[in-house]
Structures are given as C-alpha cells and as structure tokens.
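Let's take a friendly walk through a protein chain. Have a look at the sequence and the 3D view, then read on.

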Amino acid sequence: MAGIKALISLSFGGAVGLMFLMLGCALPVYNKYWPLFLLFFYILSPIPYCIARRIVDDTDSASNACKELAIFLTTGIVISAFGLPVVFARAEVIAWGACALVLTGNVVIFGTILGFFLVFGSNDDFSWQQW
C-alpha cells in the first residue's frame, strides 16, 4: 500500500511540473513554445543511471567508475535543463516570466525523478528494477 501512495504522489508531482512547463509556454502573455525542448532532458536524465545500474554489480562497496560516470552525465543533463531556459531568456527568445515558470517546473520534475529512484530503487517487493 505504501508503494501505491508513493506512486500517486510522484504522478501528482510530475503533473504539477509539466503544468508549470506548459504555463511557461502557452500563457497568452508568453506564447512561445521553445521551452518544450526541455522534454528531451526529462526523458534523457534517468537513462545513464538506469544503464549503469544494470551493468554495475552492487556487491562492491567501493566506488565504481561506471556508476560515477552515469551520475556525472545525469548531472550534466540536469544542469543543461536548467541552463537552457536562462539562455533563451537572455537571448530574448522567451520572456523572463516564462523562464521562471519553466525553472519551477524543472525543480518539481527533477525532484519527482529523484523521488522515483529513492522510493523504487531498493530491492523490495514493489520494485521497478525488473524493467
């Protein structure tokens, strides 16, 4: 039952984050859809860590280069997702208000992705690792 509550909470967080992204794009004041390129970052961000988790054997307690590389790549993707709206706003492609909405959506969505890995990353009965 706890897994279902966590899944519902994470779904709500993802919906709220996407709502902020869509508000930054579709409000009549802003009306520019360039921030939708951030959807690629949302899709790409968990991929390196998921691949490394499949490859790496967790029995070794020492640091692992593959896992650290995956965390490095994920960090680069997340920082790029926060930098792109700022670059758009500085280049006057989008308004600063839209940038603020998109950055708020980034915080919520990446927090949701992190929460997903924290909640469902362990080996228990209700785990998504079998994917």
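## Overall build

The chain has 5 helices and 0 strands, and from the N terminus its elements follow the order α-α-α-α-α. Helices (H or I, at least four residues) and strands (E, at least two) are DSSP runs, numbered from the N terminus.

This is a predicted model, in which local features need pLDDT of at least 70 and side-chain atom pairs count only at pLDDT 80 or more, while totals for chains, interfaces and linings use all residues. Residues are numbered from 1 along each chain as its sequence is written, and side-chain values use heavy atoms, with hydrogens and water left out.

Of the 131 residues in the chain, 31% are buried (under 20% relative accessible area, with a 1.4 Å probe and protein chains only).

## The nonpolar cores

A nonpolar core is a set of buried Ala, Val, Leu, Ile, Met, Phe, Trp, Tyr and Cys residues joined through side-chain atoms within 4.5 Å. Which residues form the largest one? Its 9 members are Leu21, Leu38, Tyr42, Ala81, Val102, Ile109, Phe110, Ile113 and Phe117. At least two residues come from each of α2 (38-44) and α5 (96-120), and α5 gives the largest share, 5 residues.

Beyond its neighbours within four places in sequence, Ala81 is in contact (heavy atoms within 4.5 Å) with Leu38, Phe41, Asn106 and Phe110. There is also a second, separate core of 7 residues, among them Tyr30, Phe88, Ala89 and Ile94.

Conventions: Buried means under 20% relative accessible area, exposed over 50%, partly exposed in between (1.4 Å probe, protein chains only).
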